[in-house]
Amino acid sequence: MNTCGHPRLGSTVVSRRTPPGVRVFGVVSTDGTAGGLLPVTEEVSSWSTECGDADRLWMVGSTVEEQLLFSAVPVGPPPLRVPRASRRSLMRLRITASDSAGKAVYEVDLGQSLELYARSLNIDLLAPLGTVTVSDEPVVPLEGLVFHAQVGVRMLELDVSRGARQALRTETVFVPAGQPAVQRVPGGAVRLSAFAEPLAAAPVWRWLRAEPPPGVAVPLGQVAWDADAPRFEAAVPSATHLRIEPAADDRTFTLVWTIAP
């Protein structure tokens with residue numbers, strides 16, 4: 001018996017608390033630098049399916065068309081000129097999959113497709129803090145590195161796999177001089193590619209299991225990053241956190257996780 005109360009449309013399950021396509025407006029960085037990056041934590045739109053009676057193969061996909069503009073004074077949403085729009089974005093989808101074993105949560109970049117087994121799905125669009133949806137109502141002007149984007153989401157039940165077994169999740173981390181940083185390993189992460197700016201010396205990274213201090217964490221090994229290499233790439237162990245040790249200068253790291261449910 002279905003207890004979710006969501007409508008079923010044809011052969012695909014599509015219940016929406018917001019329309020399938022949504023326009024959003026926000027700020028990526030307050031000053032146009034990595035130090036001014038806003039956290040990607042704002043839930044600006046959601047989609048969900050009905051509860052099924054069995055685990056099924058789903059494909060979750062998204063599209064994005066985004067314009068970026070730096071402005072030192074408050075401005076409204078810039079025109080969305082589709083031919084010049086980027087198909088990449090700092091925004092992400094958070095996919096909560098409920099199945100016979102419980103729930104699992106995955107976050108992936110926009111513009112990709114990902115297959116997973118579930119009885120029901122809930123999808124949240126995550127954007128930089130303070131992002132709003134754009135409708136006929138006026139929005140408050142913003143300043144900094146502002147963006148205006150059109151995002152579309154689809155959820156399809158599949159009879160056979162289409163091969164979309166992995167997706168990427170990208171995050172940029174600014175680490176001030178003399179401070180450490182601890183990043184939680186995303187759900188479903190199996191591989192990490194990382195880029196550093198600047199890369200004057202090989203950074204010291206450690207894989208940890210359980211909570212870092214003030215909790216208790218089990219060290220699982222140090223990351224062997226070569227300062228002469230343009231990036232670091234390795235399989236992800238059964239770690240829950242990645243600790244970046246302090247250094248003398250400010251640093252920016254971009255982490256690209258491969259997510260495989």
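Predicted model: local features only at pLDDT ≥ 70, side-chain atom pairs only at ≥ 80, totals over all residues.

Residues are numbered from 1 along each chain as its sequence is written, and side-chain values use heavy atoms, with hydrogens and water left out.

**Exercise 1.** Find the strands that pair with E18.

Solution. Start with E18 itself, at residues 251-259. Strands here are DSSP runs of at least two residues, numbered from the N terminus, and two of them pair if DSSP finds at least two bridges between them. E11 (residues 167-175) runs antiparallel to E18, with nine bridges; leucine 168 has threonine 258 as its bridge partner. Next, E13 (residues 189-197) is joined to E18 by eight bridges, also in the antiparallel sense, and there serine 193 partners valine 256.

**Exercise 2.** Is aspartate 124 buried or exposed, and which side chains does it contact?

Solution. First, locate aspartate 124 in strand E8. Its relative accessibility is 6%, so it counts as buried (under 20%; exposed is over 50%, partly exposed in between, with a 1.4 Å probe and protein chains only). Then look at its side chain: there's a polar contact of 2.6 Å with the side chain of serine 46, and another of 3.5 Å with the side chain of asparagine 122. (A polar contact is a pair of N or O atoms within 3.5 Å; within protein, one must be able to donate a hydrogen and the other to accept it, and residues adjacent in sequence count only if both atoms are side-chain atoms.)

**Exercise 3.** How much of E18 is buried?

Solution. Go along the strand and count: eight of its nine residues are buried, so E18 is mostly covered.

Methods
Helix = DSSP H or I, 4+ residues; strand = E, 2+ residues; numbered from the N terminus.
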